[in-house]
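Morning, everyone. I have one structure to show you today. Please bring it up on the screen.

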Amino acid sequence: MTLGNLRDLYQQVILDHYKKPRHKGKTNPIDRQQRGHNPSCGDTIELTVHLAPPDADNGESRIADVKFEGEGCAIAIASADLMAEALRGKTVAEALEMVQRFQRMMKGEAEFPKELRKLNVMQGVAQFPVRIKCATLSWHTLRAALEPQAVTPEEGYVSNEGEEA
Ligand code: ZN
């Protein structure tokens, strides 16, 4: 496979998830809710999360479902949809670890394991620095949703303007 074909493949996957998102809407019930905004492109998404009751053995909460709504470019929407797909069944701790991993991946410092390799299509975006924030918006918003005490959202939005990526 040449590099050109690989880039086409990334584009196909991104466009497919943009046109036919699998995880658009709101979870039922809504246990966590967070809006996020990427001022550099104008992407706005709203995440809802349904958490399963804490595990009886270790007290850890698992993500039963994640959905999103919003307006954004193909990269922002596809990234939110791929993220929602990847997060189902993960514990909150695992999800937060994935946020960090995704940000490292966008800097070219990490790869996702085989079962989550689909997320690697976003690496194609990493070549375009101005679009990286489009890809990381949903992850940034997820972190705020799972760690509500860690941010002070203005008007209910978290913004990734000050973020490195
Ligand atoms: Zn965008």
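Some ground rules. This is a predicted model, where local features need pLDDT of at least 70, side-chain atom pairs count only at pLDDT 80 or more, and totals for chains, interfaces and linings use all residues. Residues are numbered from 1 along each chain as its sequence is written, and side-chain values use heavy atoms, with hydrogens and water left out.

Fold first. The chain has four helices and four strands. Those are DSSP runs, numbered from the N terminus: helices are H or I with at least four residues, strands are E with at least two. Read along the sequence, the order is α-β-β-β-α-α-α-β. Of the 165 residues in the chain, 42% are buried. Buried means under 20% relative accessible area, exposed means over 50%, and partly exposed is in between, with a 1.4 Å probe and protein chains only.

Now the metal. Which residues are the protein donors of the zinc ion? They are Cys 41 (SG), Asp 43 (OD), Asp 43 (OD), Cys 73 (SG) and Cys 134 (SG), at 2.2 to 2.6 Å from the zinc ion. Donors are N, O and S atoms within 2.8 Å of the metal (3.2 Å for Na, K and Ca); water is not among the atoms, so sites may look incomplete. The sequence spacing of the donor residues is C-x1-D-x29-C-x60-C. Cys 73 and Cys 134 link distant parts of the chain, 61 residues apart. Cys 73 sits in the loop between β3 (63-71) and α2 (74-87), and Cys 134 in helix α4 (residues 132-146). Both Cys 73 and Cys 134 are buried.

Next, the core. The largest nonpolar core has 42 residues. A nonpolar core is a set of buried Ala, Val, Leu, Ile, Met, Phe, Trp, Tyr and Cys residues joined through side-chain atoms within 4.5 Å. Met 98, Phe 102, Met 106, Leu 119, Met 122 and Leu 142 touch the most other members. Helix α2 gives the largest share of this core, eleven residues.

Trp 139 lies in helix α4. Its relative accessible area is 0%. Leaving out residues up to four places away in sequence, Trp 139 touches Ser 79, Met 83, Met 98, Val 99, Phe 102 and Leu 119. Contact here means heavy atoms within 4.5 Å. Then there is His 17, in helix α1. Is His 17 buried or exposed? His 17 is buried, because its relative accessible area is 0%. Beyond neighbours within four places in sequence, its contacts include Asp 81, Glu 85 and Lys 118.

On to the pocket. About 220 Å³ of space lies in the largest pocket. The lining of this pocket includes Arg 7, Tyr 10, Val 121, Phe 128 and Arg 131. Which helix gives the most to the lining? That is α1, with five residues.

Asn 28 and Pro 29 are joined by a cis peptide bond, with omega about 0°. Most peptide bonds are trans. On a 1 Å grid over the protein atoms alone, a pocket is an open set of points where a 1.4 Å probe fits, with protein on both sides within 12 Å along at least five of seven lines, and lining residues have an atom within 4 Å of a point. Grid points are joined across faces, edges and corners, and the volume is the space filled by probe spheres set on the points.
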